[in-house]
Amino acid sequence: MQLTQNFSLEEFACKDGTPVPASLYPNIKKLAQNLQVLRDHVGKPVVLNSGYRTPSYNKKIGGAKDSQHPKANAGDIKIAGMTPKQVHSTILQLIKEGKMHNGGLGLYSTFVHYDVRPVPARWNG
């Protein structure tokens, strides 16, 4: 299923092979729409390292107990040719401009976490 011009539902499936549950489609669509804004802005593919996670898979890999991944609200992303810091800064700017949802944003050494939780959150991993 195509969620946006450049994102399909299958890209967000759990790494254990579990597809995103239909009950969470509204969440994953909102996430994909926001990531599409980022992709359109930078003009480069946004690669998902991790999207939806089953609760058991999230626990297995040491994900946060209150992680947004099992809610299908989060993506850990990379963009070729951009450092995580550059991706993070770009998302912050798009949030400031009102073009992306002001949810969770975490900067890690090899990727950026972005989510569409209802309240803003910022951290460094």
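The model is predicted: local features need pLDDT of at least 70 and side-chain atom pairs count only at pLDDT 80 or more, while totals for chains, interfaces and linings use all residues. Residues are numbered from 1 along each chain as its sequence is written, and side-chain values use heavy atoms, with hydrogens and water left out.

**Fold and overall form**

- The protein chain holds three helices and five strands; helices (H or I, at least four residues) and strands (E, at least two) are DSSP runs, numbered from the N terminus.
- Read from the N terminus, the order of elements is α-β-α-β-α-β-β-β.
- The radius of gyration of the protein chain is 13 Å, close to the 14 Å of the globule rule for 125 residues, so the chain is as compact as a globular protein of that length. This radius is taken over C-alpha atoms, and the rule is 2.2 Å times the number of residues to the power 0.38.
- Along the principal axes, the C-alpha atoms fill a box of roughly 35 × 30 × 25 Å.
- Of the contacts between residues at least 6 apart in sequence, 56% join residues at least 24 apart; contact means heavy atoms within 4.5 Å.

**Burial and surface**

- Of the 125 residues, 46% count as buried. Buried means under 20% relative accessible area, exposed over 50%, and partly exposed in between (1.4 Å probe, protein chains only).
- The chain exposes about 6500 Å², and carbon and sulfur atoms supply 54% of that area. Accessible areas come from the Shrake-Rupley method with a 1.4 Å probe; for residues, only the protein chains shown count as cover.

**Nonpolar core**

- The largest nonpolar core has 31 residues, and Phe 12, Leu 38, Ile 77, Ile 91 and Tyr 114 have the most contacts inside it. Such a core is a set of buried Ala, Val, Leu, Ile, Met, Phe, Trp, Tyr and Cys residues joined through side-chain atoms within 4.5 Å.
- At least two residues of this core come from each of helix 1 (25-42), helix 3 (84-96), strand 3 (104-107) and strand 4 (112-115).
- Helix 1 gives the largest share, six residues.
- Beyond its neighbours within four places in sequence, Ile 91 contacts Leu 38, Ile 77, Met 100, Leu 105, Val 112 and Tyr 114.

**Asp 16**

- Asp 16 lies in the segment before helix 1.
- Asp 16 counts as partly exposed because its relative accessibility is 40%.
- Leaving out residues up to four places away in sequence, Asp 16 touches Thr 54 and Tyr 57.
- Asp 16 and Thr 54 are 38 residues apart in sequence, and their C-alpha atoms are 8.3 Å apart in space.
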